[in-house]
Amino acid sequence: MTAAMNQTINNKKLLVVDDSKVSRMVIKARVKVVHPQWEILEASTGDEGIALALEQSPDYCTMDINMPGILGTDAAEQILSKLPNLRMVIFSANIQEAFQERTKNMGALFVAKPVTEKSIAEALRYFTESA
């Protein structure tokens with residue numbers, strides 16, 4: 001990897017949207033191990049996630065589906081409509097086919113919860129595969 005490519009991957013911003021503080025902490029901790037230079041932003045609702053995404057323009061976003069207020073899939077669609085180059089991963093315990101299909105149709109990756117080292121690694125591969 002060239003220094004320029006490495007710099008491109010290093011200076012990234014990740015938005016983690018999940019109403020579970022534990023899930024946010026696990027994602028943040030694991031990402032920091034692999035990509036310590038990344039800036040991690042956190043939101044606990046879809047509405048907070050939309051506002052933070054529009055304000056901060058992150059490169060990547062992980063989104064839970066079931067949260068208070070707006071569904072994560074609705075928030076993800078709103079974010080992607082404004083930030084089409086953002087790479088989105090939907091983390092959810094709700095593995096119904098309709099949610100997986102909706103995720104695919106919006107151009108995001110669906111990853112089943114629980115949030116584990118393996119599922120976070122899958123998200124990170126998706127985020128960095130085109131970097």
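1. The model is predicted, with local features needing pLDDT of at least 70 and side-chain atom pairs counting only at pLDDT 80 or more, while totals for chains, interfaces and linings use all residues. Residues are numbered from 1 along each chain as its sequence is written, and side-chain values use heavy atoms, leaving out hydrogens and water.

2. In H4 (residues 72-82), a DSSP run of H or I with at least four residues, the buried residues are Gly72, Thr73, Ala75, Ala76, Ile79 and Leu80, where buried means under 20% relative accessible area with a 1.4 Å probe and protein chains only. Because they cover an arc of only 155° around the axis, they lie on the same side of H4, the arc being that of the directions from the helix axis to the C-beta atoms. On the other side of H4, Ser81 and Lys82 are exposed, that is, over 50%.

3. The buried residues of H4 are covered by elements including H3, E3, E4 and H5. With H5 (residues 97-105), H4 packs at an angle of about 5°, the axes being 11 Å apart, which makes the two helices roughly parallel (angles under 35 degrees). Thr73, Asp74 and Glu77 of H4 meet Phe99, Arg102 and Thr103 of H5 in this contact (heavy atoms within 4.5 Å).

4. Among the 24 residues of the largest nonpolar core, Leu15, Met63, Ile79, Met88 and Ile90 touch the most other members; such a core is a set of buried Ala, Val, Leu, Ile, Met, Phe, Trp, Tyr and Cys residues joined through side-chain atoms within 4.5 Å. H4 gives the largest share of this core, four residues.

Methods. Axes fitted to C-alpha atoms, helices over the stretch in contact; angles between N-to-C directions. Parallel < 35°, antiparallel > 145°, perpendicular 65-115°, else oblique.
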